[in-house]
Amino acid sequence: MTSVQQIEEQRLLTALDGEADGILVFDEDRTVVWLNRTLSVLLDVTPEEERGASASDFIRRLVAPLSPDTASLQEVAVDLQNDRSIHRSPIRVRERTGDLRWFSLVYDRNATYAVTGYRILHFHDSTGETTARFFRACLDHSPVVVFVQDHNLRYIWSYNRKSGLSDTEVVGRTDADLFGPEDAGRLASLKHLVLETGEVLREEVTVTPGGTRHVLDMTLEPLRDADGGIVGISGTAVDATGRVLAEEECRPGTDTLNLMLRNARDIVYRIELVPVRRFSYISPAVTRIAGYTPKEVYADPDIALRFVHPDDLPLLEAVFQGEFAPDRPLMLRWLRKDGTVIWVESQNVPIRDEKGLLIAIEGIARDVTERKQMEEALRESEERYRLFLQNFQGIAFRTDLEFGSTFIYGSVEEITGYSRENFLRDRQQWYQIIHPDDRPRLAETSRKVRAVPGYATEREYRIIRKDGEVRWLREMIQNVPGTAEVPAHLQGTVYDITGQKRVEEALRLERDKLRAVIDNVNVGIGITDPEGTTLSMNAEGLRIHGFSSEAEMFAELDRYVEEFELRYPDGRPIPLEDWPTSRAMRGEYVRGYDVILIRRESREQKYISYSAVPIYDSRGRVILRVFNMADQSGQKRVEQDLRESEERFRRIFEEAGIGILIADPNGVIIRSNATLHRMLGYSAEELAGRSIADITHPEDLPPTLALYELMAEGRERGVQLEKRYIRKDGRVIWGRLTITFIRDPVGKPLRAISMVEDISERKQIEEALRESEERFRSIFDESPIGIEYYDAAGNLIDINPAALRIFGVLDRDELVGFNLFLDPNIPEQELVRLKSGETVHYTSEFDFELVKRQNLYATSRSGTRYLEVLITGIRQAKEASPGSYVVLVQDITAQVKEDILRRQAYEQIQQNIEQFAILGDHVRQPLQVILGMVELSEGGKEMDIIRDQVDRINDIIRQLDIGWMESRKIRDFLQRHEPA
C-alpha cells in the first residue's frame, strides 16, 4: 500500500472510530479490514481478532447467534458474499446485558472510500426510534386516552388523537372545565379517593357531554414523586359506550341482533368451505365498504377471490386452509367494485365439524384505509423528524420579547463564533451581531413579531461573527401567545446560507453565460408554467414565431391559441390537449413531434419539429415544461418524400421504428425486428439463440445483467439504461435500452421485452460539446492576451495566466478581493465612462510602485509599464447596467519604447537635413568671395588652380543639396507608411 493509501486509510478509520453507529470495514474481496469501537463493544470482539475474516462469515459467527432474526441475518451474509447492496430494517440484536436492541444494516456496493477502495457496512441503532414509533402507533390507533393530573386535579398531560380533544384543549384545565357539574363531581370523587387511599381504582363511569351518554372504562392510579409521595394521579380511559349499549341491545333477542348487523359499519360474514366455497351470510355493510350488494355476493361463489388484491391472495388462501392463527387480525387489500383499493382488517374464527375438519370461516371485516394512511403519514413524519435531528445544522432558539435568549440550541458557535453561554449566561444580544446595514430593513418585522399575535415571518440578513467574518443567515421566527392571547415569547430557527448565497451568485453568472449560449443556438427554446404561460423564449424561438423581442410575445396560453394553431403534417388540426407542451405537463417526454405552425392572421406556415420535457418538483409535480423547436421548413419537401418512402418500407417489413428483441429470463434472444437487424448488422436467424452478452460491450455487461436480474425479481419496473452494443462488423454503437418483463399470474417472469433506441449521434454530440468546453478553457488559459472577468461590483472572478504574467502575480489567490473600480492606474475619465456603462479602450502608463504602496496585491513588477486595456460591460436582456465585465490587457511597453526611438530618429534626420542646408549656404558665401577675387586678379596659373578648386567645391555642395533633398523624401515616405 502506498503512503497516500496509508494516510487515507488512517484518516478513514480515525473518523469512523468515533461514529455512534457500528462500522464494519472490508475490502473489495469482502475480507474484514477493521471494525470500530461501537461494534467491538456490541459483539465483544477486537479488530485484531477479526482482521482477515470473511465479512459474510463475520455476520454468521458473531451477529446471527445474538439475534432472533437469524434468517434475515443469513440473507445479509449471502448478500455480502455475492456483493449485493443491503438495506435491512429492523434487525434485533441482544446485548451482553441481555437487552434486545433494534438495528438497521446498510451497505452500498457502489460506494467505496477514495484511494483505499474500502467498503462499509453500517449497524445503525434505531431502538429508541422503533420503541417510540410502536408506542405512538399504539396510542394513535387505539381507543385508549392517557392522562396525568396534579394534586389539584388539573390536567398536566394528555395524549390520544382520537379522543376528540387536542392537548391544548385539555392541559391546564380541570374536569369542571370539560364536563357538566354532575359528571365533574362524579369524576372528582373517584380521583380524590385515589389521592387519599393511594390505591389503584378501575370503574365504569357514565358522563353526558353535550347531552350524549358515554360510558368510560377508567383506570386510576396514584402518581408518586421520587420519595414515594403522592403528587397527582395518572389514568387511562376507554370509551366503553359501544360495548355497554351492545350488551343492553342484545338483551331483547335476535331481532335486536339482526338490527345491529344491518346497521353495523363493519362487515359480518360467514363463508362455507364445503362442499364449495360461498358466502352463506354477509351483512349490508358490504355495500358501503366494497360496493357490492349482499345479493351480488350470494350469487357469485368466486366473489371472495375478486374482493382481495391479487398480491394478497396467498394470505386469504392460508385462512381457507386453517394455517392462519385465529387470534391474529388479518390485514388485506380489497378491490372495490369501482376498482379502487382499500385496506380491510378482519378477525376470522375457524368453524370445524365434530371430526375437526375446517368447514367454514366466520368473521368481521373493517375498512381501515384511513388508519393505514395515517400510519404511513406518521411513519413518514417520524422519519422526517429523525432525519431532521440527525442533520440539523442550524440554530433553534427561544427569546423574550426583547430578543434576550432563554433557549438556544444547535450550531451556535460554528455559525456565530459565540458560545451558547455567551447568549444565555452573558446575555449577549443577537441584535448586536446583526450587520448594521441590515438592521433598518429588519425593524418593521421585528416590531410586528413582538406585538401582533400569531405573527410569523421568514427573513434573510447578515451577521458579523465574533472573528469579524460576515455570514448570511435565513431566519424563521414567530411569537408564542401567553394565557391572555398576547405574545409571551419568540421562537424560531436560523440557518447559515452563506454557501447558498455564494452558489446563487455563481449560478447567476453561469445562468448568464448559459443564456448567452441559448440565445445563439439555431434551435428555438422556450419555458412555460403549469397554466401554459410562456415564461421565456430564446432568439431563435422568437424568430420562428415572428416576434422581434420577448415583449411582443403572446405569453398567455389563451392569447397564444388565438394567434397560432398547430396542425399535424397531414394538415389535420391538433387538439390543444395533444400539443407538445400540454403532453409535457402531463408528465410525457415528447421528442421529434413534427407539426405545422400557422399564424392565423398572416396564414404563414412553418414546419417545426418539437421536443418537450416536463420539470418536476420534489413532490413529483410538473412545475415547468421546457420545449425546443427546430425550423425544418426548408427541408420539409425532402423530408416528406423520405418519410413517405420510409413509411412504405416500414409497412412492408415491420411496424416498429426502434429495435426490439424478445428474450427469455436468462437473456437468450428469441425474436428480433428489422430495425434491430439494421442497427447491429445481424439477420433474424443470426440473432436467434444468441445471448444479450454476445451483442453487449464487455464494459457494459455487468450493469446490463444486474438490470435483468432486478427486473426478473420484480424490484425494478420499466427501467432505462444507456449502453454500448457491438455490431456484427465490430463497430460500437450507443443505444437507450428499455426493459419490460411479461409475467405469469403468480408473478414468475416469462419473457423480457427490450426496446433499443440508437443514440450514437447524441453521444457524439455530447462528446463534441465536452471537447468544445475544453477548447474554450484551453483558449482562455493559453491566450497570450491577458483576460480578466469581474462581477457587477467590480470584484475579480477569474484571470488567465497571461494576465498574471503581465501584472507580475505568481498565484491567482493573491488577487482575492481585488476590485477593478479601485485600481488607481485606470484614468479617472475612463473610470467615469466605465461606470456609466460605456466600453473603454485606452493606453495607460501602469505604475507598479503605486500598486505596492497601496498594497493592492503582491507583484514582482517594478517601475512603470505601458498597457493597452479594453474593458467591456456584459449586459443581459432588460438589464440597465452591466452584470459583469471582461478586461483584455496587452503589455505594449516594447512597442511604446520602439515608437519613442522611431520619433527620435525622425527628429535626428530632420536636424541633419536642416544642418546640411545651413552648411551648404555657409560654404557657398566664402566661395563666392574667393571666386570674385580670382576674377579681379590678373590671372596666372595659380588663379586657374584656385578657380578649378572652387568649381570642385561647388560640385560637392550641389551633391550635398541633392543628398538632403533625397533624405527629406525618404523621411516623408517613412512617415506616410509608418504602421498605425
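Two strands count as paired if DSSP finds at least two bridges between them. This briefing applies that to a predicted model, starting with an open sheet of five strands. It then turns to the helix α15, which packs on that sheet, and to G786, a residue of strand β32.

**The five-stranded sheet**

- The strands lie in the order β12-β11-β15-β14-β13, and their pairing is antiparallel.
- The edges of the sheet are β12 (278–282) and β13 (330–335); each has a single partner strand, so one side of each is left without a neighbour in the sheet.
- From one strand to the next, the twist averages 35 degrees.
- Strands of a sheet pair through backbone hydrogen bonds, in either a parallel or an antiparallel way.

**Pairs within the sheet**

- Strand β14 covers residues 341–352 and strand β15 covers residues 358–367; the two run antiparallel and are joined by nine bridges.
- Within this pair, I351 stands opposite A360, a residue of β15.
- Four bridges link β11 and β12, again in the antiparallel sense.
- One of the residues involved is E272, whose bridge partner in β12 is R278.
- β11 and β12 make a hairpin, with five residues lying between the two strands.

**Helix α15 on the sheet**

- Helix α15 spans residues 313–320 and touches β11 (267–272), β13, β14 and β15.
- The direction of α15 makes about 125 degrees with that of β13.
- Four residues of the helix, L316, A318, V319 and F320, are buried.
- These buried residues pack against β11, β13, β14 and β15, and also against α14 (303–307).
- Just after the helix comes G322, which takes a positive phi of about 75 degrees.

- G786 sits in strand β32, which runs over residues 786–791.
- The relative accessible area of G786 is 0%, so the residue is buried, given that buried means under 20%.
- G786 and A802 are 16 residues apart in sequence, yet their C-alpha atoms are 4.7 Å apart in space.
- Apart from neighbours within four places in sequence, G786 is in contact with N800, A802, A803 and I806, as well as with V887, L888 and V889.

Methods:
Residues are numbered from 1 along each chain as its sequence is written. This is a predicted model: local features need pLDDT of at least 70, side-chain atom pairs count only at pLDDT 80 or more; totals for chains, interfaces and linings use all residues. Side-chain values use heavy atoms; hydrogens and water are left out. Axes are lines fitted to C-alpha atoms, for helices over the stretch in contact, and angles run from 0 to 180 degrees between N-to-C directions. Contact means heavy atoms within 4.5 Å. Buried means under 20% relative accessible area, exposed over 50%, partly exposed in between (1.4 Å probe, protein chains only).
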